[in-house]
Amino acid sequence: MSDVDTLAGVPAVEPGTAGPPCAYARLRSEEPVVRTRLPNGEPGWLLSRYADVRAAFADPRLERPLLSAWPLREGDTAPPPCLPTFLEMTGEHHERVRRAVLPLFGRRRLEPMGPRIRAMAEDLIDTMVAGSVDGTADLVASYVDPLPLRVLCETTGLPHEDRDIYLPHTLTLLGASGVPMTEVLAALSALQDYATALIDRKEREDADEDYIRLLLAQSRSPGSDLTRDDVVSFVVTMLMAGYKTTIQHTGNALLALLTHPGALRRLRDEPSGIGTAVEELLRYVPLMNAINILVAKEDFTLHGKNIRAGDAVVPVPASANRDPAAFADPDRLDLTRSPNAHVAFGHGPHACTGGHLTRLQLATAIQVLLERLPGIELAVPVDSIPWDEATPLRAPAQLPVRW
(Lines give C-alpha, C1' and ligand atoms only; values in the text may rest on other atoms or scores of the structure.)
Protein backbone atom coordinates (compact mmCIF):
# COMPACT_ATOMS: atom_id res chain seq x y z
CA MET A 1 0.00 0.00 0.00
CA SER A 2 1.41 3.44 -0.96
CA ASP A 3 1.48 6.48 1.28
CA VAL A 4 -1.29 8.04 -0.83
CA ASP A 5 -3.54 5.05 -0.19
CA THR A 6 -3.43 5.69 3.55
CA LEU A 7 -4.41 9.36 3.33
CA ALA A 8 -7.84 10.64 4.22
CA GLY A 9 -9.84 12.25 1.43
CA VAL A 10 -10.92 15.87 1.30
CA PRO A 11 -13.85 16.16 3.72
CA ALA A 12 -17.09 15.42 1.91
CA VAL A 13 -19.70 18.15 1.66
CA GLU A 14 -22.96 17.35 3.40
CA PRO A 15 -25.71 16.34 0.92
CA GLY A 16 -28.00 19.19 -0.02
CA THR A 17 -25.52 21.94 0.90
CA ALA A 18 -22.75 23.95 -0.69
CA GLY A 19 -20.56 23.36 2.37
CA PRO A 20 -18.34 23.88 4.15
CA PRO A 21 -18.60 20.49 5.78
CA CYS A 22 -18.61 20.29 9.54
CA ALA A 23 -15.35 18.32 9.33
CA TYR A 24 -13.48 21.55 8.66
CA ALA A 25 -14.30 22.73 12.18
CA ARG A 26 -12.43 19.73 13.58
CA LEU A 27 -9.53 20.28 11.21
CA ARG A 28 -9.23 23.95 12.16
CA SER A 29 -9.08 22.94 15.81
CA GLU A 30 -6.97 19.78 15.67
CA GLU A 31 -5.20 19.50 12.30
CA PRO A 32 -4.93 22.90 10.60
CA VAL A 33 -2.39 21.45 8.16
CA VAL A 34 -3.31 17.89 7.18
CA ARG A 35 -2.01 15.54 4.51
CA THR A 36 -4.96 14.42 2.39
CA ARG A 37 -5.91 12.86 -0.92
CA LEU A 38 -7.29 15.26 -3.49
CA PRO A 39 -10.19 14.35 -5.81
CA ASN A 40 -7.76 13.36 -8.58
CA GLY A 41 -5.97 10.93 -6.24
CA GLU A 42 -2.90 13.13 -5.68
CA PRO A 43 -1.66 13.87 -2.15
CA GLY A 44 -1.81 17.42 -0.86
CA TRP A 45 -1.70 19.54 2.29
CA LEU A 46 -5.10 20.97 3.27
CA LEU A 47 -5.11 24.37 5.04
CA SER A 48 -8.29 25.16 6.96
CA ARG A 49 -7.55 28.15 9.24
CA TYR A 50 -8.20 31.71 8.11
CA ALA A 51 -4.73 33.02 8.90
CA ASP A 52 -3.02 30.16 7.06
CA VAL A 53 -5.33 30.34 4.04
CA ARG A 54 -4.88 34.10 3.67
CA ALA A 55 -1.11 33.80 4.04
CA ALA A 56 -0.85 30.94 1.55
CA PHE A 57 -2.47 32.93 -1.25
CA ALA A 58 0.22 35.60 -0.90
CA ASP A 59 3.18 33.29 -0.07
CA PRO A 60 5.94 33.56 -2.73
CA ARG A 61 7.00 30.00 -1.83
CA LEU A 62 3.73 28.73 -3.31
CA GLU A 63 2.65 29.01 -6.95
CA ARG A 64 -0.29 27.87 -9.00
CA PRO A 65 0.58 24.97 -11.28
CA LEU A 66 -0.37 24.87 -14.93
CA LEU A 67 -3.56 22.90 -15.50
CA SER A 68 -1.81 21.29 -18.44
CA ALA A 69 1.25 20.21 -16.44
CA TRP A 70 0.05 19.13 -12.98
CA PRO A 71 0.51 16.57 -11.75
CA LEU A 72 3.51 15.62 -13.88
CA ARG A 73 4.73 12.25 -12.63
CA GLU A 74 8.18 10.75 -13.03
CA GLY A 75 8.52 9.25 -16.50
CA ASP A 76 5.74 11.38 -17.99
CA THR A 77 6.51 13.21 -21.19
CA ALA A 78 6.21 16.98 -21.26
CA PRO A 79 2.59 18.09 -21.78
CA PRO A 80 1.57 19.78 -25.02
CA PRO A 81 2.09 23.54 -24.91
CA CYS A 82 -0.88 25.44 -23.46
CA LEU A 83 -1.10 29.11 -22.65
CA PRO A 84 -1.32 29.89 -18.92
CA THR A 85 -4.54 31.46 -17.70
CA PHE A 86 -4.32 34.54 -15.48
CA LEU A 87 -4.69 32.22 -12.51
CA GLU A 88 -1.50 30.38 -13.49
CA MET A 89 0.74 33.23 -14.59
CA THR A 90 3.68 33.99 -12.32
CA GLY A 91 6.31 36.65 -11.74
CA GLU A 92 6.81 39.53 -14.15
CA HIS A 93 4.43 38.01 -16.70
CA HIS A 94 1.58 38.00 -14.20
CA GLU A 95 2.40 41.51 -12.96
CA ARG A 96 2.36 43.14 -16.40
CA VAL A 97 -0.83 41.39 -17.53
CA ARG A 98 -2.60 42.18 -14.27
CA ARG A 99 -1.61 45.86 -14.64
CA ALA A 100 -3.23 45.91 -18.07
CA VAL A 101 -6.41 44.06 -17.14
CA LEU A 102 -7.16 45.37 -13.63
CA PRO A 103 -8.42 48.83 -14.72
CA LEU A 104 -11.16 47.16 -16.76
CA PHE A 105 -12.63 45.69 -13.57
CA GLY A 106 -12.26 48.70 -11.28
CA ARG A 107 -15.30 50.29 -9.65
CA ARG A 108 -15.13 53.41 -11.83
CA ARG A 109 -14.97 51.45 -15.07
CA LEU A 110 -17.82 49.15 -14.00
CA GLU A 111 -20.14 51.91 -12.82
CA PRO A 112 -21.82 52.33 -16.24
CA MET A 113 -22.50 48.58 -16.24
CA GLY A 114 -24.92 48.93 -13.30
CA PRO A 115 -27.93 50.08 -15.35
CA ARG A 116 -27.21 47.49 -18.05
CA ILE A 117 -27.06 44.64 -15.53
CA ARG A 118 -30.26 45.93 -13.93
CA ALA A 119 -32.00 45.97 -17.31
CA MET A 120 -30.94 42.35 -17.94
CA ALA A 121 -32.20 41.29 -14.49
CA GLU A 122 -35.52 43.11 -14.97
CA ASP A 123 -35.99 41.53 -18.39
CA LEU A 124 -35.47 38.05 -16.93
CA ILE A 125 -37.93 38.75 -14.10
CA ASP A 126 -40.50 40.06 -16.60
CA THR A 127 -40.14 36.92 -18.69
CA MET A 128 -40.37 34.66 -15.64
CA VAL A 129 -43.53 36.35 -14.34
CA ALA A 130 -45.17 36.43 -17.77
CA GLY A 131 -44.48 32.73 -18.26
CA SER A 132 -45.98 31.68 -14.93
CA VAL A 133 -49.65 30.73 -14.75
CA ASP A 134 -49.81 30.30 -10.97
CA GLY A 135 -47.27 32.74 -9.53
CA THR A 136 -44.52 30.13 -9.22
CA ALA A 137 -41.32 29.45 -11.15
CA ASP A 138 -37.88 27.88 -10.95
CA LEU A 139 -35.58 30.75 -10.04
CA VAL A 140 -32.48 28.88 -11.21
CA ALA A 141 -33.67 28.23 -14.77
CA SER A 142 -35.37 31.62 -15.14
CA TYR A 143 -32.92 33.94 -13.39
CA VAL A 144 -29.83 32.49 -11.71
CA ASP A 145 -28.52 30.54 -14.72
CA PRO A 146 -29.01 33.05 -17.55
CA LEU A 147 -28.01 36.31 -15.82
CA PRO A 148 -24.26 35.69 -15.22
CA LEU A 149 -23.64 34.56 -18.78
CA ARG A 150 -25.48 37.58 -20.19
CA VAL A 151 -23.41 39.88 -17.97
CA LEU A 152 -20.16 38.15 -18.91
CA CYS A 153 -20.95 38.34 -22.62
CA GLU A 154 -22.07 41.96 -22.41
CA THR A 155 -18.95 42.97 -20.49
CA THR A 156 -16.20 41.06 -22.20
CA GLY A 157 -17.55 40.66 -25.72
CA LEU A 158 -18.05 36.89 -25.66
CA PRO A 159 -20.78 35.94 -28.15
CA HIS A 160 -23.79 34.62 -26.26
CA GLU A 161 -24.79 32.60 -29.32
CA ASP A 162 -21.56 30.55 -29.03
CA ARG A 163 -22.42 29.28 -25.54
CA ASP A 164 -22.98 25.68 -26.68
CA ILE A 165 -19.40 25.68 -27.97
CA TYR A 166 -17.47 27.06 -24.99
CA LEU A 167 -19.58 26.18 -21.94
CA PRO A 168 -19.05 22.36 -21.99
CA HIS A 169 -15.26 22.85 -22.06
CA THR A 170 -15.52 25.43 -19.27
CA LEU A 171 -17.38 22.99 -17.02
CA THR A 172 -14.73 20.32 -17.63
CA LEU A 173 -11.95 22.67 -16.51
CA LEU A 174 -13.85 23.72 -13.38
CA GLY A 175 -13.85 20.07 -12.30
CA ALA A 176 -10.18 19.61 -13.25
CA SER A 177 -9.10 18.36 -9.82
CA GLY A 178 -11.25 15.26 -10.34
CA VAL A 179 -11.09 14.89 -14.14
CA PRO A 180 -8.60 12.75 -16.11
CA MET A 181 -5.70 14.80 -17.47
CA THR A 182 -6.57 13.85 -21.06
CA GLU A 183 -9.99 15.48 -20.68
CA VAL A 184 -8.50 18.58 -19.02
CA LEU A 185 -5.97 19.03 -21.82
CA ALA A 186 -8.61 18.51 -24.50
CA ALA A 187 -10.95 21.07 -22.90
CA LEU A 188 -8.16 23.61 -22.40
CA SER A 189 -6.97 23.21 -25.98
CA ALA A 190 -10.52 23.56 -27.31
CA LEU A 191 -11.10 26.77 -25.32
CA GLN A 192 -7.83 28.25 -26.51
CA ASP A 193 -8.69 27.37 -30.12
CA TYR A 194 -12.11 28.99 -29.66
CA ALA A 195 -10.58 32.13 -28.11
CA THR A 196 -8.05 32.42 -30.94
CA ALA A 197 -10.78 32.09 -33.58
CA LEU A 198 -12.96 34.63 -31.73
CA ILE A 199 -10.13 37.17 -31.69
CA ASP A 200 -9.58 36.61 -35.41
CA ARG A 201 -13.27 37.37 -35.98
CA LYS A 202 -13.15 40.53 -33.89
CA GLU A 203 -10.18 41.80 -35.87
CA ARG A 204 -12.18 41.44 -39.09
CA GLU A 205 -15.47 42.86 -37.82
CA ASP A 206 -16.43 46.47 -37.13
CA ALA A 207 -18.48 46.34 -33.93
CA ASP A 208 -19.00 48.07 -30.59
CA GLU A 209 -16.14 48.31 -28.11
CA ASP A 210 -15.82 45.50 -25.58
CA TYR A 211 -13.10 44.26 -23.23
CA ILE A 212 -11.65 41.81 -25.74
CA ARG A 213 -11.36 44.52 -28.38
CA LEU A 214 -9.85 46.97 -25.88
CA LEU A 215 -7.18 44.47 -24.85
CA LEU A 216 -6.54 43.46 -28.44
CA ALA A 217 -5.98 47.10 -29.41
CA GLN A 218 -3.69 47.52 -26.42
CA SER A 219 -1.66 44.46 -27.42
CA ARG A 220 -0.97 46.07 -30.81
CA SER A 221 0.32 49.32 -29.29
CA PRO A 222 4.10 49.92 -29.38
CA GLY A 223 5.70 48.91 -26.08
CA SER A 224 2.50 47.31 -24.79
CA ASP A 225 2.56 45.08 -21.70
CA LEU A 226 0.16 42.72 -23.48
CA THR A 227 0.64 40.18 -26.24
CA ARG A 228 -1.98 38.58 -28.45
CA ASP A 229 -1.52 35.34 -26.47
CA ASP A 230 -2.38 37.27 -23.30
CA VAL A 231 -5.70 38.29 -24.85
CA VAL A 232 -6.40 34.63 -25.67
CA SER A 233 -5.65 33.82 -22.01
CA PHE A 234 -8.05 36.58 -20.94
CA VAL A 235 -10.92 34.94 -22.81
CA VAL A 236 -10.17 31.51 -21.31
CA THR A 237 -9.78 32.96 -17.82
CA MET A 238 -13.06 34.86 -17.95
CA LEU A 239 -14.89 31.70 -18.91
CA MET A 240 -13.29 29.73 -16.09
CA ALA A 241 -13.63 32.38 -13.39
CA GLY A 242 -16.60 34.51 -14.39
CA TYR A 243 -19.39 32.15 -15.34
CA LYS A 244 -20.16 29.02 -13.34
CA THR A 245 -18.69 30.37 -10.11
CA THR A 246 -21.08 33.33 -10.29
CA ILE A 247 -24.05 31.07 -11.02
CA GLN A 248 -23.10 28.84 -8.09
CA HIS A 249 -22.72 31.69 -5.67
CA THR A 250 -25.84 33.56 -6.79
CA GLY A 251 -27.99 30.45 -6.40
CA ASN A 252 -26.60 29.69 -2.96
CA ALA A 253 -26.85 33.32 -1.86
CA LEU A 254 -30.51 33.51 -2.86
CA LEU A 255 -31.18 30.20 -1.10
CA ALA A 256 -29.52 31.59 2.04
CA LEU A 257 -31.80 34.62 1.94
CA LEU A 258 -34.91 32.55 1.25
CA THR A 259 -34.14 30.32 4.23
CA HIS A 260 -33.52 33.35 6.48
CA PRO A 261 -36.80 35.24 5.95
CA GLY A 262 -36.02 37.78 8.68
CA ALA A 263 -32.78 38.76 6.95
CA LEU A 264 -34.56 38.86 3.59
CA ARG A 265 -37.29 41.17 4.93
CA ARG A 266 -34.74 43.47 6.53
CA LEU A 267 -32.81 43.73 3.26
CA ARG A 268 -36.04 44.34 1.33
CA ASP A 269 -37.07 47.11 3.74
CA GLU A 270 -33.58 48.63 4.00
CA PRO A 271 -32.06 48.30 0.51
CA SER A 272 -29.24 50.70 1.39
CA GLY A 273 -27.65 47.80 3.29
CA ILE A 274 -27.03 45.79 0.11
CA GLY A 275 -23.27 46.44 0.03
CA THR A 276 -22.68 45.07 3.52
CA ALA A 277 -25.11 42.21 2.84
CA VAL A 278 -23.23 41.16 -0.30
CA GLU A 279 -19.94 40.97 1.61
CA GLU A 280 -21.59 38.75 4.22
CA LEU A 281 -23.11 36.51 1.55
CA LEU A 282 -19.66 36.19 -0.03
CA ARG A 283 -18.28 35.11 3.34
CA TYR A 284 -21.17 32.88 4.40
CA VAL A 285 -21.76 31.08 1.11
CA PRO A 286 -18.78 28.96 0.00
CA LEU A 287 -17.48 30.24 -3.34
CA MET A 288 -14.87 27.48 -3.67
CA ASN A 289 -14.48 24.16 -1.86
CA ALA A 290 -10.90 22.81 -1.74
CA ILE A 291 -10.08 23.44 -5.39
CA ASN A 292 -7.33 26.07 -4.95
CA ILE A 293 -4.24 24.01 -5.67
CA LEU A 294 -0.83 25.59 -5.06
CA VAL A 295 2.56 23.90 -5.35
CA ALA A 296 5.51 24.51 -3.01
CA LYS A 297 8.65 25.82 -4.70
CA GLU A 298 10.83 25.02 -1.70
CA ASP A 299 10.79 23.13 1.59
CA PHE A 300 9.21 24.83 4.62
CA THR A 301 7.45 23.97 7.86
CA LEU A 302 3.94 25.01 8.87
CA HIS A 303 2.40 24.08 12.22
CA GLY A 304 5.04 21.39 12.61
CA LYS A 305 4.35 19.80 9.22
CA ASN A 306 7.24 19.48 6.77
CA ILE A 307 6.05 20.63 3.36
CA ARG A 308 8.46 19.66 0.60
CA ALA A 309 9.19 21.31 -2.72
CA GLY A 310 6.70 19.96 -5.25
CA ASP A 311 4.00 19.21 -2.66
CA ALA A 312 0.47 20.41 -3.39
CA VAL A 313 -0.91 22.87 -0.83
CA VAL A 314 -4.66 23.50 -0.82
CA PRO A 315 -6.00 26.54 1.06
CA VAL A 316 -9.77 26.26 1.58
CA PRO A 317 -11.53 29.67 1.60
CA ALA A 318 -14.84 27.99 2.49
CA SER A 319 -13.30 26.86 5.77
CA ALA A 320 -11.34 30.06 6.40
CA ASN A 321 -14.49 32.16 6.09
CA ARG A 322 -16.10 30.17 8.92
CA ASP A 323 -13.08 30.36 11.27
CA PRO A 324 -14.15 31.66 14.70
CA ALA A 325 -10.66 33.08 15.16
CA ALA A 326 -11.44 35.55 12.38
CA PHE A 327 -15.23 36.01 12.55
CA ALA A 328 -17.51 36.22 15.58
CA ASP A 329 -20.27 33.60 15.48
CA PRO A 330 -19.10 32.56 12.00
CA ASP A 331 -21.91 30.11 11.24
CA ARG A 332 -24.55 32.82 11.60
CA LEU A 333 -25.67 34.84 8.58
CA ASP A 334 -25.38 38.48 9.69
CA LEU A 335 -26.11 40.90 6.84
CA THR A 336 -24.85 43.81 8.98
CA ARG A 337 -21.45 42.23 9.72
CA SER A 338 -18.67 44.81 9.45
CA PRO A 339 -15.75 44.72 9.02
CA ASN A 340 -15.77 41.57 6.93
CA ALA A 341 -12.33 40.60 5.62
CA HIS A 342 -13.41 37.35 3.94
CA VAL A 343 -11.19 35.51 1.47
CA ALA A 344 -13.90 34.50 -1.01
CA PHE A 345 -11.83 36.08 -3.78
CA GLY A 346 -8.51 34.84 -2.48
CA HIS A 347 -5.78 37.23 -1.37
CA GLY A 348 -2.52 38.67 -2.60
CA PRO A 349 -1.28 38.95 -6.20
CA HIS A 350 -3.84 36.45 -7.50
CA ALA A 351 -6.87 37.93 -5.74
CA CYS A 352 -9.80 37.68 -8.15
CA THR A 353 -9.64 40.44 -10.75
CA GLY A 354 -13.40 40.28 -11.30
CA GLY A 355 -14.38 40.71 -7.64
CA HIS A 356 -16.05 44.09 -8.17
CA LEU A 357 -18.06 42.77 -11.13
CA THR A 358 -19.21 39.81 -9.04
CA ARG A 359 -20.27 42.16 -6.23
CA LEU A 360 -22.15 44.44 -8.63
CA GLN A 361 -23.90 41.53 -10.28
CA LEU A 362 -24.95 39.87 -7.01
CA ALA A 363 -26.17 43.15 -5.50
CA THR A 364 -28.21 43.95 -8.60
CA ALA A 365 -29.69 40.45 -8.84
CA ILE A 366 -30.88 40.62 -5.21
CA GLN A 367 -32.17 44.20 -5.39
CA VAL A 368 -34.17 43.68 -8.58
CA LEU A 369 -35.66 40.43 -7.27
CA LEU A 370 -36.81 42.01 -3.99
CA GLU A 371 -38.13 45.15 -5.70
CA ARG A 372 -40.12 43.29 -8.32
CA LEU A 373 -41.23 40.33 -6.17
CA PRO A 374 -41.24 41.58 -2.55
CA GLY A 375 -43.25 38.59 -1.32
CA ILE A 376 -41.00 35.94 -2.84
CA GLU A 377 -40.51 32.73 -0.86
CA LEU A 378 -39.61 29.09 -1.39
CA ALA A 379 -42.47 27.08 -2.88
CA VAL A 380 -41.19 23.73 -1.58
CA PRO A 381 -39.55 22.49 1.63
CA VAL A 382 -35.83 23.29 1.57
CA ASP A 383 -34.88 19.63 2.04
CA SER A 384 -36.65 18.71 -1.20
CA ILE A 385 -34.56 21.03 -3.39
CA PRO A 386 -32.38 19.08 -5.87
CA TRP A 387 -28.68 19.94 -6.08
CA ASP A 388 -26.19 20.22 -8.92
CA GLU A 389 -23.14 18.30 -7.74
CA ALA A 390 -21.44 17.81 -11.12
CA THR A 391 -18.47 20.01 -10.15
CA PRO A 392 -16.98 21.21 -6.83
CA LEU A 393 -19.07 24.36 -7.38
CA ARG A 394 -22.16 22.88 -5.74
CA ALA A 395 -25.44 24.77 -6.03
CA PRO A 396 -29.20 24.21 -6.11
CA ALA A 397 -30.23 22.69 -9.44
CA GLN A 398 -33.68 24.25 -8.93
CA LEU A 399 -35.12 26.93 -6.67
CA PRO A 400 -38.94 26.67 -6.86
CA VAL A 401 -40.37 29.98 -5.61
CA ARG A 402 -43.73 31.70 -5.39
CA TRP A 403 -44.60 35.36 -5.09
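Predicted model: local features only at pLDDT ≥ 70, side-chain atom pairs only at ≥ 80, totals over all residues.
Is Val97 buried or exposed? With a relative accessibility of 1%, Val97 counts as buried, because buried means under 20%.

And which residues does Val97 touch, if we skip those up to four places away in sequence? There are Phe86 and Met89, and there are also Leu226 and Asp230. Now look along the chain to Glu111, 14 residues from Val97. The C-alpha atoms of Val97 and Glu111 are 22 Å apart.

Let's zoom out to the protein chain. How many helices and strands does it have? The secondary structure comes to 16 helices and 13 strands. Of the 403 residues, 52% are buried, and Val97 is one of the buried residues.

What about contacts between residues at least 6 apart in sequence? Of these, 70% join residues at least 24 apart.

Next, the overall dimensions. The C-alpha trace spans about 60 × 55 × 35 Å along its principal axes. For 403 residues, a compact globule would have a radius of gyration near 22 Å, and the protein chain has 21 Å, so the two agree.

Finally, the surface and the charges. The protein chain exposes about 17900 Å², with carbon and sulfur atoms supplying 52% of that area. As for charged side chains, 40 are positive and 53 are negative. The centres of those two sets lie 4 Å apart.

Methods
Residues numbered from 1 in each chain as written. Heavy atoms only, no water. Helix = DSSP H or I, 4+ residues; strand = E, 2+ residues; numbered from the N terminus. Rg over C-alpha atoms; globule rule 2.2 N^0.38 Å. Buried < 20%, exposed > 50% of the residue type's maximum accessible area, 1.4 Å probe, protein only. Contact = heavy atoms within 4.5 Å. Areas by Shrake-Rupley, 256 points an atom, 1.4 Å probe, with all protein chains shown as cover. Lys, Arg positive; Asp, Glu negative; His and termini not counted. Charge placed at Lys NZ, Arg CZ, Asp CG, Glu CD.
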